[in-house]
Amino acid sequence: MMHGKALTPLELYKVLEKSNCQRCMLPSCLAFAAAVVAGQKSLDDCPFLSEEVKDTLSVTLQKRSLAEPRQAEFMEKLLQEVKQIDLAAVASRIGATYGNGVLSVRSMGKEFHVNSQGQVRSECHIIPWVQAPLLSYICYPTHQAITGRWISFRELKGGIDWQGLFASRCETPLRKLADAQPELLGDIVDLFQGKEVEGFDADIALVLHPLPHLPILICYQVADGDLQSKLTILFDECCGTNLHIKSIYTLCAGLIKMFEQIARNHFGNN
Ligand code: SF4
């Protein structure tokens, strides 16, 4: 039905129950199909889709996102914005350092260096999903220090619109990875200078810093009897002030992809 092309609402509708039962909190299966394709609902919101069907559909939905036509345009705009920024002046405000014409920003424990032309270099492999949110973070007009208060993705400014996509591309895949390889979360702490924290309703709670003033908290609860495992990604309240919701989503989706790669390399997952 869908070979390499972006999934359409009609294609998704064809595999739904078509009972219009409204358990997804939408009036009909067709409305649900449209909302999933628009990134406003997750496949997990329909309880009648099997894991197998969801896995197949997720791949097609990802192709849609990767094919975002305006990505190159967006990057060009960002580069122009960085050229207008006084990197020395923004450094301390955004939790970075400046020297010799270069801004150094830490992401997940690794240093990324940005020059006045917006060129990014690092000791680690540069991948596009880091570059765009990093430059957006540098240019973002508002900034707030870390508050220590954790909120859900949907509570961030604009989060409701991206919640479905965030759940299906970030929380669900990471939960599945943790289910298959519980030691992965410990490895993430070691590899990316994360910190295990206490006091949350979770078996494992860890804090990571994808950007200096953008801490995220991953809470994972293992399955217990009939209760399914649970994984939630929370954000410091400042995140919504320091980066646009779309960039926050891109950053998290990129992180999860990297974790999937690590799981494949370390544990031989598929
Ligand atoms: S929960 Fe599933 S079957 Fe029920 S209305 Fe929503 S999409 Fe249709």
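Me: What makes a set of residues a nonpolar core?
Reply: Buried Ala, Val, Leu, Ile, Met, Phe, Trp, Tyr and Cys residues, joined through C-beta atoms within 7 Å, form one. Buried means 20 or more other C-beta atoms within 10 Å of a residue's own, with C-beta atoms placed from the backbone; exposed means 12 or fewer, and partly exposed lies in between. Here the largest such core has 47 residues. Leu134, Phe166 and Cys252 have the most contacts inside it. Helix H7 (residues 159-180) gives the largest share, 8 residues.

The model is predicted: local features need pLDDT of at least 70, side-chain atom pairs count only at pLDDT 80 or more, and totals for chains, interfaces and linings use all residues. Residues are numbered from 1 along each chain as its sequence is written.

Me: Why is this core said to lie between domain 2 and domain 3?
Reply: Domain 2 (71-139) and domain 3 (145-270) both give residues to it, so it lies between them. The bounds come from an automatic or database domain assignment.

Me: What makes E7 and E8 paired strands?
Reply: Pairing takes at least two bridges found by DSSP. Strand E7 (residues 204-208) and strand E8 (residues 216-221) have 5, in the antiparallel sense, so they pair. Strands here are DSSP runs of at least two residues (E), helices of at least four (H or I), numbered from the N terminus.

Me: Why are E5 and E6 at the edges of the sheet?
Reply: The open sheet runs E5-E9-E8-E7-E6. Strand E5 (150-152) and strand E6 (195-196) each have a single partner strand, so one side of each is left without a neighbour in the sheet.
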